[in-house]
Amino acid sequence: MSRIGEPLPTPADVYAAAARLGGHAVETPLLRADALDERIGGRLLLKAEPLQRTGSFKFRGACNRLLQLGADARAGGVVAYSSGNHAQAVAAAARLVGVPAVIVMPRDAPAVKIAGTRRHGAEVVLYDRASEAREALGTRIAEERGATLVKPYDDFHVIAGQGTVGHEIVRQCGAIGCRPDAVVVPAGGGGLMAGTSLAIADAWPETQLHTAEPKGYDDHAMSFERGERVGLSGPGPASLCDALFAPKPGALTFPINVERVRGGVVVDDDEVGAAMRAAFLHLKLVVEPGGAAALAAVLAGRIATAGRTTVAVLSGGNVDPGVFRAVLNRDDDPAAAT
């Protein structure tokens, strides 16, 4: 039970979600590269969620939530608010389940994410981040249409669905006889880490869990230090990591994370760009900035890796082509850095 009185998912809910998502979500691989292992002086395994449906882990939670809608709720459809990945995930899951979807997105969201959401058949309502509150707008639309609001992270079934990332990590590591010393996960609202931590801590209580956030949006790192939810004091700085702009850890996600996560680490845009190049050069994988935050933290030495096994979650790959080109135009090889 959370501090606000709502029930919290358990490892059993994650395992039930894994069974429910069978045949719907992709079991994404754990990847590795010799060059990256050599760079960190240890073993690095990367969970490749850019290969998930809609290009990010978000499909897992959205699909788990929508598959449990009753007949009346399906008739009313769903509403979601998101800068992009949750938007596309809800739109795709809604099409799969056969319900209408309205997605509230910021006007400055990456064009590739807005286009992807519309491509999945959802109605997109754009808003201005500076003058409008997406939560209020989404709630109003849901009430007007009699629709179900699907929150991006503070939802029991969404958290459980995201936890299937951790469940797969446990099974895949077991298959190769590996038990990681640390698992690093990008954090915006904390839903991916909350779900993943349920599965990881249940299987490997001694494994250290860390969130990774962009500089200026380190609300999880601050909250872990203080033992309570701490929000940003004002608008954050410009950052490549648009997917990680949540101003405060979730009311449901934080009670789960604070009990299991060792702490948070912070990365800057240069480190994120280096991680994106490393994933492209050595894994042949396209990773969006927010999705590369955990890899950036590992390559930048934010956690101890020498002689250890580390898992970093690459949480998404929906990057604007222009941004990706600019990142790749740097010709350095991050794995060769000293």
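Which residues of S7 are buried on one side, and which on the other? The model examined here is predicted, so local features need pLDDT of at least 70 and side-chain atom pairs count only at pLDDT 80 or more, while totals for chains, interfaces and linings use all residues. Residues are numbered from 1 along each chain as its sequence is written, and side-chain values use heavy atoms, without hydrogens and water.

Strand S7 spans residues 182–186. Strands (E, at least two residues) and helices (H or I, at least four) are DSSP runs, numbered from the N terminus. Ala 182, Val 184 and Pro 186 are buried on one side of S7, and Val 183 and Val 185 are buried on the other. Buried means under 20% relative accessible area, exposed over 50%, and partly exposed in between (1.4 Å probe, protein chains only). In a regular strand, side chains alternate between the two faces of the sheet.

S7 has two strand partners, S8 and S10. Pairing requires at least two DSSP bridges between the strands. S7 and S8 (residues 208–214) run parallel and are joined by five bridges. Val 183 has Leu 209 as its bridge partner in S8. From S7, the chain passes through helix H10 (residues 191–203) to S8 in a right-handed β-α-β crossover. Right-handed means that, with the strands pointing away from the viewer, the path from the first strand over the helix to the second runs clockwise. S10 (residues 309–314) also pairs with S7 in the parallel sense, over three bridges. In S10, Val 311 stands opposite Val 183.

Elsewhere, Val 286 lies in the loop between helix H13 (269–283) and helix H14 (293–299). Val 286 is partly exposed, at 34% relative accessible area.
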